[in-house]
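Reader: Could you take me through the structure shown here?
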2 protein chains.
Amino acid sequence: MLKTMSEPDKKEITPEEAPENGKGIRNSGNASETGNRKTKGDFDLAAVYVSDAQYNRNIFFDTTPQAIRLYLLYNHWGLQILVYAFILVDLALAIFEDPAVVPLPIWVTSVIELVCLAAFTARLVHYAKVIPRERFWKDPKNICIFAIILLSLVDMIIYGALKASGFYAVRWSRVLRPLLLVNITEGRQLRRAFRSIRNALPQILYVFLLFMFSVLMFSLMALKLFGKRGLKTIEGRPYFTNYLEIVFDLYVLVTTANSPDIMMPAYNFSVYFAVFFITYILINTYIFMSVFLAVVYNNYKKYLKEEVRKLVRAKRHKMVRAFGVLQERKGEGEPVVSQACWNQLVRLVQPDISNAHRELLWSVSDDNNKGCIGKVAFVQLADLLNIQVIMMKSRPHPLKTWLPSLYLSSPSRLVCRMVQHKAFMYTYDLIILVNAVFIGLDEEDPLIANVEWAFLVLYLLEILLKLYSFEPRAFFSRHQFWNWFDTIIVITALIAMIINSALKLSGGYTSRQILDIVFILRILRLIRVVDNIKRFRAIINTLIKIGPTILTFGQLIVVVYYIFAMVGMELFKGKIRFFEANSTDPDKAFCGNPLLKNSVFAKHNYCKNNFNNVVSSFILLLELTVVNQWHVLSSGFTAVTHISARMFFVLFHIVVVIIIINIFIAFVLEAFFVEYTVDQSNLQSSLEKKIEELELGVKQEKLDGNLVDAMETNDNDMGNSESTKEKPALMFKIACKRYKTVDGLLQRMFEADLDPEDFADDEDFDPNNPSNLNFPNPNFDSV
Amino acid sequence: MLKTMSEPDKKEITPEEAPENGKGIRNSGNASETGNRKTKGDFDLAAVYVSDAQYNRNIFFDTTPQAIRLYLLYNHWGLQILVYAFILVDLALAIFEDPAVVPLPIWVTSVIELVCLAAFTARLVHYAKVIPRERFWKDPKNICIFAIILLSLVDMIIYGALKASGFYAVRWSRVLRPLLLVNITEGRQLRRAFRSIRNALPQILYVFLLFMFSVLMFSLMALKLFGKRGLKTIEGRPYFTNYLEIVFDLYVLVTTANSPDIMMPAYNFSVYFAVFFITYILINTYIFMSVFLAVVYNNYKKYLKEEVRKLVRAKRHKMVRAFGVLQERKGEGEPVVSQACWNQLVRLVQPDISNAHRELLWSVSDDNNKGCIGKVAFVQLADLLNIQVIMMKSRPHPLKTWLPSLYLSSPSRLVCRMVQHKAFMYTYDLIILVNAVFIGLDEEDPLIANVEWAFLVLYLLEILLKLYSFEPRAFFSRHQFWNWFDTIIVITALIAMIINSALKLSGGYTSRQILDIVFILRILRLIRVVDNIKRFRAIINTLIKIGPTILTFGQLIVVVYYIFAMVGMELFKGKIRFFEANSTDPDKAFCGNPLLKNSVFAKHNYCKNNFNNVVSSFILLLELTVVNQWHVLSSGFTAVTHISARMFFVLFHIVVVIIIINIFIAFVLEAFFVEYTVDQSNLQSSLEKKIEELELGVKQEKLDGNLVDAMETNDNDMGNSESTKEKPALMFKIACKRYKTVDGLLQRMFEADLDPEDFADDEDFDPNNPSNLNFPNPNFDSV
């Protein structure tokens, strides 16, 4: 095999020049000569390009066949999951390390960490084998990972040595762990989010400085107006006499956490002083906070747009390369790719694609039935593959084949018609509402407990009836979210209730945990009602669609939280202690720290909000994100350490609330606007048109690319259409898969600005400038 | 005069058909015949059309000369101010009516109210005279005003009668007063804002229902999870046992006002329960609140766009009518308006326009120097007049003319150059910063008090030096905001300090009020530093530009607050009392109401937050808008009345926080995006090009339509350019006046979507359909 693979090294130049070759007719004899003897290596290479384009991967891999195989292995989903699993284990070590939730001996955590580090090293070495050596060391994200591994090792050694000799030691390298999430190859979206934040920072900084100037001015005014009047706060402390205290108090007022308490002493003194605070809140809370959102939103959008533009450009360039590998020349025309080639390529890229689906895609690409496609049509392939087409085989109900006489009898038909009737749905909506009332009643009444069994039976009956009247495989097909949801909830509830009853009967003992699960399942069942109301379904579908994006923000939040949690644990661990409710320790009244005697923190019973382990740290950080009582929480920690501990909390507020939450809001806003305004992409509609042309489409009221909605409609159609006309054995329907990846959403967001037919950008690449041979890739640099 | 005016009634038909006439050449003989004998009535009518187009007025007035004169009077700025003054007095009556801040006898407030009502009636009658009778009664806003006046009278009579006979009476009609602000002719922007809200309501409602469904589900889950565990809140009450209480508590958690307190009992019991609250906050606080913002923003923008589109269409239609009145025909060409006609029209519309400015506008309209303009150029007039052109006469410094030898001597030139040098500015920035430090120090130290005098002298010196080196009239020209600001602050501070010293010397007595003013002025002076930093100036200019828009929201807020304040005062007046700090009344501990004994409300010392008069009501409502401690405030009022009083507070939260504040944020966002992205309008740039062509432009680095910025630059230029080359005696510069009105901002926001050259919309008017003769006016219907 290696022998036949000697060619690709030479061919590697072809895709580079493909755009030029594609234009001139004369000097492309070379391409057309090699056209008809494509090797397996060619197809492998082209498949890798297409797959990279499809998933927006931007790795400049070696094009030797060996490297390509290594590269394919590198991109294997199993290895990717493994990497995330190791990162998760590495991050989760914080649970077992001192200060621990579940303490484990040092040697155990150290060994686990060493295993993780070894895995990261192996992955890094694998990556180094895939891409050229000099590129590897140019990429900051590789250097980052290398540095993290090295520093972690150094820290472990120092920590072990210090601990062994009884000294105080800090595991400072734990702060670096979440950075792995950012710097691994798969962390593209996260890197992009961080880059967008970094790019928006200068603008945010200017607004922040102006905002701080305003706070400082108001503080000075407050000092002059209130400082000399001898007012007292409700705790009896002097009111607005120390400048730095005033700045802090007014900063807290921006978060609204101490409103209206901070105003009350002045307001009680004179009603005119309320004007000061009203002006302050108006300017700093309402106007400046809106300006922050505007600036964050605007900058984030601007840079993201730029990045997505680069991404799309890189994608097209990769497709052009793949085209260059597979192109052949027919007579004097433009270079083309034949159907046979294309078929082989698609089978390589997506081995599980059905023949029908592949033929559908081909008929979309080769609109004029020429048997071959040009560059423009070929380049669409990555996007076409990303459009999820649902195939539905219309199969008869199994009962119809097994017991046709019974299933087609008139009572059976009546049952089917009844289940498919709207009244059936409304009846069950009513049952759910009645159920909701019963859930609200006291479940210890034996009558009500029995009624619950009745409801469960009703729900089971519903599922069985539906299975009877609809084809079971269609009912449980991959996209029938609500059917799955219903069935799982009902069956789990059944199992939990049986276990609960068994426990009760056996020993009279009721497990609280199982009861809790039963209750939660019962209530979750009620959500079904919402899905039956069209307007609500539309909102929920939008929320579901932006779900994956929210996950990227989830990673962002985890990275930031983890870093703050690690620092917070080193600073504040053990300073505040929590005592169980039944504890009689006298220290309980002040959280085990005499410095908190009579403090607001202890009075509010906030002792469990501490940095004593990673779980309570995360919960505390979440409370700080919500901002309310932020000043009380931070005052507790400053009381037990030093006034400068405020810096930690203010910094957290600026990073998380002012920047990250605003980006989150910006993203939700943008995603909603896209939902409201953007229609389907051109490609999707052309695919759809083709499906309709071939009369393979599923009859539905409106093709709105709205998966769950469409499937629901289809569900009913499938039952009804039986009586109308003969359907084709196979039907297609488009579900927007691209949408499910963040990249897809982003590309769709900015698609309007990108001309889909414009290939000028391909020619932007200057073959004489080697730096441009590299894709103009926004993902190479790291945070 | 009346005689010559008999024609317009007939001519009234002409503008209606003008679009058709303008197209066909044949049947326009009529227009060309009347072309050369325009009466004063024609000009009056055309001027009214242009002025209506300019200010976006949409009143279908009678076109008899008498009605036109009445209409002109109706639009007189004096009368408009008078109407607002009467509304202000009417609204301010709440200060003097029971429950009063300053009690006045009933007969005094009644007489004042009667006067106000008489004024509103007079205005309404005036309006009825201006527009056709049948139109008057079709317009809901007239009916609204009529109803408000009538109901107020009825209420006054009932109230007076009941009071006289000693019964309990409610002044319910006071709730209607703020609706006057909405329904008067001038309340266009406010009406539009209300209409946008009303149109967005259905969408908001669906999201709200889904949100409430989610809250109810979580409440049910909380009841089941926590109700039976016998947990206690920090106040010792049972935790999460009553369903309605849980719903309220979890609703409050959405506002974050009771975070993390509401979570603590469950969290203290088990760390797993934190998951429940984290999920809740994530879904309901973060996601749903963002969705609210998205829905409000999107709908608001959508409807506003539609309204502005109609507005622009109506404007063009009015300009076409004006054109129809003044058009004449030259030979076989299109109908045109001659320069003489145009001049007379512009003089009528804007009597204070300078000849030079008028000629500039003409040269922009008549680009090819034909001496007459067609319809397309004529229609631009309203927009052209709205572009504020600043004329600057380059005048020599008065000292240069009076004492040329002295002013042009080398020491004098040195002073001028010094003042214009950047170092001068930096020196004063430094002085201001040093001043800030001194202000922070204790002002009772005599040394520091004297230093303040020194600073004052320095600031005075700065102003004098600037007046010496710059031309005083240019220095104090209308747009030099910061120069005015500086001078006023410094001179007021000087006067206040002199008064203070005089008082001190005369009796050793220091007036606290005057001292307060002195302090505030000193600190305001420091703001100057910000203006010298370019980045900050850009942000501040944007904020200043969106200022007028914020005023519309100010009115919106006043209307909503006033209604809630009136209702709140009737419900809660006198229930909670405030005692002065030095009071020894034992009731002080529970705000004069035994029901508040040991309540959180009384413990927080919130007694002054009550509905006992209109001022404290407004302040309380503002505190409720800020949301923090919202539940404590509302719990106080439910404790002294009934649990159902919560409805009032929840309703206030939904209306103000969920809807109005979100619209405010949406508007700030949109305004910022417009600032960031939209360039100057076509018209402005053509005007600018013309100014440049005529070499009348003021040299400046960048013409960014940024008034204050540009003027600042110009300020320095004027000093420097003296040495470079001879300037023309008169110079023009564009300031974006359109921007200063909300309409202008809105139009600019959506200008990109409106084709400026498209006249198709004129032809949308179907002359056969009389309802279309009326402008397609979004402003006719009222709230």
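**Strand pairing and selected residues**

Author: A:Glu328 stands opposite A:Val336 in β2(A). This is a predicted model, where local features need pLDDT of at least 70, side-chain atom pairs count only at pLDDT 80 or more, and totals for chains, interfaces and linings use all residues. Residues are numbered from 1 along each chain as its sequence is written, while chains are lettered from A and ligands numbered from 1 in the order in which they are written.

Reader: How many bridges join β1 to β2 in chain A?

Author: Two bridges join β1 (residues 328-329) and β2 (residues 335-338) of chain A, and the strands run antiparallel. Strands (E, at least two residues) and helices (H or I, at least four) are DSSP runs numbered from the N terminus, and two strands pair if DSSP finds at least two bridges between them.

Reader: And what is the bridge partner of A:Ser338?

Author: That partner is A:Cys372 in β3(A). β2(A) and β3 (residues 372-373) of chain A are antiparallel, with two bridges.

Reader: Changing topic, is A:Phe240 buried or exposed?

Author: A:Phe240 counts as buried because it has 23 C-beta neighbours inside 10 Å. The cut-offs are 20 or more other C-beta atoms within 10 Å for buried, 12 or fewer for exposed, and partly exposed in between, with C-beta atoms placed from the backbone. Phi of A:Phe240 is near 55°, a positive value in a residue other than glycine.

Reader: What about phi of A:Asn598?

Author: Phi of A:Asn598 is near 60°, also positive in a non-glycine residue. A:Asn598 counts as exposed, because it has 9 C-beta neighbours inside 10 Å.
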